[in-house]
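Welcome! Have a look at the structure below, and then we can go through some questions and answers together.

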Amino acid sequence: MANKKTYYKNLEERIRSENLQEYVDMLNSPYPAFKSNAIKELTKRKVKISTIKNFLQDPNEDVRVTAYTYLEKMGILDEKTVKESLKDKSPKIRQKAIASYITMGIKPIEYILRFAKDPNPNVRYQLLTTFLEVYPENSNKLIEILKDDPYKKIRQLIYSLDNISDTLISHQVEKNIKYIALKRFYEASDSITFFATLKDVYFKCDIDTKILIIKFFSNLPCKIINQFMEKIIHEESNLVILQATARTIRKACGIDLIPSWLVETFIKSDD
């Protein structure tokens, strides 16, 4: 029996190895789709191949995008490659490179602001959203540059930032935009102002937004949020909201302030 298990295990390894070589061979194909699919599969299998970086020079956009994604996911994307990719003629590559430049903390950060004038609106939008996520407290200059941008999504995002209450209540604003707006508002406000503003709109929001607000409350002092957390516990019936509230109470105030009846509710829900 043991010999059979060993046989099939070896067979499986051989098949996997043979399939892998097929994908490596496909990198030499004259057809872009073959090369792209090969890089995607090698990415999925986390196979390190140094020559894939060379495909950033491929004339086909899809091949370059998959090569860039490979370097990202394999954790071998370097500053030089990011800066070179910012000059790529493909908007998709420039979008990815902008996100990398900002999230990797590459300096000078002022350099990336020049892409606020990029001819492609998706590139400009990528710049704004990523910058707001990573540097919300330093985003005023970029917002000033883009405030009259012709792209509707950029103008809507900037409006969302300046009108936090309307943004949170709205059912048309996407969750990621609400998160970005909340993060910037959190960085720009003192704890009391932040709490008071969100408290006033909380019960007018949808479930996802309520949970988002509750998560942000976990970063505030217990003495500010405690009474409102108790109010949520007694007025909300949604289990997911109650669980999020319990996690916030535990983080901000300590586990002892979570009511025993609420813990019992969670236990019963698991039965």
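**Getting to know the model**

Q: Which residues is Val 63 in contact with, leaving aside its neighbours within four places in sequence?
A: This is a predicted model, in which local features need pLDDT of at least 70 and side-chain atom pairs count only at pLDDT 80 or more, while totals for chains, interfaces and linings use all residues. Residues are numbered from 1 along each chain as its sequence is written, and side-chain values use heavy atoms, with hydrogens and water left out. Contact means heavy atoms within 4.5 Å. With neighbours within four places in sequence set aside, Val 63 is in contact with Pro 32, Lys 35, Ser 36, Ile 39, Phe 55 and Asp 58.

Q: Is Val 63 buried or exposed?
A: Val 63 sits in helix α3, residues 61–73; helices (H or I, at least four residues) and strands (E, at least two) are DSSP runs, numbered from the N terminus. Buried means under 20% relative accessible area, exposed over 50%, and partly exposed in between (1.4 Å probe, protein chains only). At 0% relative accessibility, Val 63 counts as buried.

Q: How far apart in space are Val 63 and Phe 34, C-alpha to C-alpha?
A: In sequence, Val 63 and Phe 34 are 29 residues apart. In space, C-alpha to C-alpha, the separation of Val 63 and Phe 34 is 9.2 Å.

Q: Which residue's side chain does Ser 139 join through a polar contact?
A: Ser 139 lies in the loop between α6 (121–134) and α7 (140–146), and it is buried, with a relative accessible area of 1%. A polar contact is a pair of N or O atoms within 3.5 Å; within protein, one must be able to donate a hydrogen and the other to accept it, and residues adjacent in sequence count only if both atoms are side-chain atoms. At 2.9 Å, the side chain that makes such a contact with Ser 139 belongs to Arg 184.

Q: Why do the buried residues of α11 line one face of the helix?
A: The buried residues of α11 (residues 191–201) are Phe 194, Phe 195, Thr 197, Leu 198 and Val 201. Seen down the helix axis, they line one face because they fall within an arc, taken from the directions from the axis to the C-beta atoms, of 165°.

Q: Which exposed residues does the face of α11 turned away from its buried side carry?
A: On the buried side, the cover includes α9 (164–169), α10 (175–188), α12 (207–217) and α13 (222–235). The face turned away carries the exposed residues Ile 192 and Asp 200.

Q: Which cysteines form a disulfide?
A: A disulfide is a covalent bond between the sulfur atoms of two cysteines; here it is assigned to a pair of cysteine sulfur atoms within 2.5 Å. The structure holds one disulfide. With their sulfur atoms 2.2 Å apart, the partners are Cys 222 and Cys 253.

Q: What is the handedness of the disulfide of Cys 222 and Cys 253?
A: The torsion about the S-S bond of Cys 222 and Cys 253 is about 110°, so the disulfide is right-handed.
The pair links distant parts of the chain, with Cys 222 in helix α13 and Cys 253 in the loop between α14 (239–252) and α15 (260–270).

Q: How many helices does the protein chain have?
A: The secondary structure of the protein chain has zero strands. Its helices come to 15.
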